[in-house]
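Thanks for coming, everyone. Let's look at the structure together, starting with its pocket.

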Amino acid sequence: EIIFYDILIDNIVNNFENQDDVVYSLYGSNNGGYIKKNIFPNIKTYIASNIKLKPHEKQTYTMNITFLKTDKDQSNNLNKTISSDIRIVESNIKEYYKKGTLLEKVLTSYEVNSESKNTNINGIYYTNNSIDGKRIFYFKGDNTLNNNVVFSGYCFKILRTDENMGLRLVYSGNYENGSCNFDKILDVSNFNDNNNYNAYVGYMYGSASSNNYNDEHKNVNSSKIKLFLDNWYINNLSKYSNMISDSYYCNNRKTSSFKYNSTLYGMNGYTNNNTGYMSFKNISIDGSPTFNCYNVSDRFSIKLKNSNNALNYPVGLLTADEISIIGTDSYLNTNNDYWTMTPAYYNGNYAYNYVVSNKALVARNVVEKYAVRPVITLKSDVKYESGDGSIKTPYIIK
């Protein structure tokens with residue numbers, strides 16, 4: 001009999017000064033669980049899930065735990081401890097959804113795969129590489145995936161679940177003649193009207209040309225693209241607000257130092273200092289994107305715990321990390337270049353954020369104009385009515 005199991009880290013002690021400094025990787029044989037690199041958790045976490053084990057099959061594991069900053073002063077970590085138990089438990093995917101919901105229909109439409117080295121297969125995968133180590137299910141593959149849903153008269157692609165099991169959707173065009181036309185775009189916009197300070201990588205921003213990071217990136221002023229999205233939500237989705245969930249939308253402004261195209265980027269993040277932002281290092285240099293959002297101030301929501309509570313409306317954009325994990329040459333590909341919500345760097349003159357262009361993630365000046373693809377999150381209890389999720393017969397919800 002085939003069984004499915006989860007790998008759980010429990011009874012954790014992790015009191016390092018900066019817990020982001022300790023990461024782990026997991027490698028399983030015979031299609032066992034696989035995690036490329038993730039921050040070692042400090043709470044009970046399922047690190048790999050729904051792993052298939054056939055009769056008489058043997059899977060063995062290697063886990064590597066790495067302390068990243070070995071070239072730095074370590075005095076603040078003297079006498080610190082990291083320890084945990086690792087347990088194997090039976091999987092139970094049914095605990096994640098209610099009967100009759102769109103979430104049930106989605107999660108049972110494909111065999112759910114643990115993150116693995118072979119991620120080129122169309123289907124649903126899941127990871128705990130997320131905020132607070134919570135489990136996330138995500139679609140990966142091309143336009144033959146059954147992840148199309150009609151909502152408010154528009155077509156959306158189901159991207160993933162969020163940390164509270166809401167279904168995250170990205171706008172994908174008009175619903176015409178009973179089918180989705182996903183090449184239609186809403187409009188184009190610049191990300192911000194100005195580009196000459198670090199502030200303008202922000203979905204919201206504070207006082208440009210400040211003398212410190214916090215004032216520069218305080219969530220006071222709305223970006224041009226946020227105003228666009230807020231207006232679109234008011235005009236098109238406000239009457240469906242009882243079906244839309246509050247959720248985290250990440251504008252990852254955590255800074256990181258790196259060298260790119262012979263330019264050194266530092267970690268100041270204010271005024272016109274050369275500054276690198278973490279997602280650029282993770283994606284374009286290290287190849288380690290994540291669903292996590294490190295700074296609470298960068299987690300945009302209306303009123304969720306451990307977020308900035310800066311939104312008036314539950315709408316945002318795709319992140320570059322989401323796109324990197326799922327793939328630019330995937331169901332997220334369109335004939336139009338479009339903005340993400342993710343900062344790349346400030347090069348001493350101009351602010352750059354990520355754009356999807358020609359099946360690639362590229363850094364573009366924030367004053368340039370590209371397509372806007374709103375992202376919303378449906379509540380986990382939204383009811384399924386009909387459809388198989390294909391482009392020709394998208395999911396219809398009640």
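Strand S3 (34–39), strand S9 (136–140), helix H4 (278–285) and helix H5 (320–326) each give at least two residues to the lining of the largest pocket. Helices (H or I, at least four residues) and strands (E, at least two) are DSSP runs, numbered from the N terminus. S3 supplies the largest share, six residues.

A word on the source. This is a predicted model: local features need pLDDT of at least 70, side-chain atom pairs count only at pLDDT 80 or more, and totals for chains, interfaces and linings use all residues. Residues are numbered from 1 along each chain as its sequence is written, and side-chain values use heavy atoms, leaving out hydrogens and water.

Back to the pocket. Its lining has 43 residues, and Lys37, Asn282, Asp286, Ser288 and Tyr294 lie nearest the centre. By type, the lining divides into 13 nonpolar, 16 polar and 14 charged residues. Here Ala, Val, Leu, Ile, Met, Phe, Trp, Tyr, Cys and Pro count as nonpolar, Asp, Glu, Lys and Arg as charged, and the others, Gly among them, as polar.

Now helix H3, residues 224–236.

Which residues of H3 are buried? Ile225, Lys226, Phe228, Leu229, Asp230, Trp232 and Tyr233 are. Buried means under 20% relative accessible area (1.4 Å probe, protein chains only).

Last, Leu332. Leaving out residues up to four places away in sequence, Leu332 touches Leu159, Val170, Leu318, Ile323, Ile326, Gly327, Tyr338 and Arg373. Touching means heavy atoms within 4.5 Å.

Notes:
Buried means under 20% relative accessible area, exposed over 50%, partly exposed in between (1.4 Å probe, protein chains only). On a 1 Å grid over the protein atoms alone, a cavity is a set of points where a 1.4 Å probe fits but cannot get out, and a pocket is an open set with protein on both sides within 12 Å along at least five of seven lines; lining residues have an atom within 4 Å of a point.
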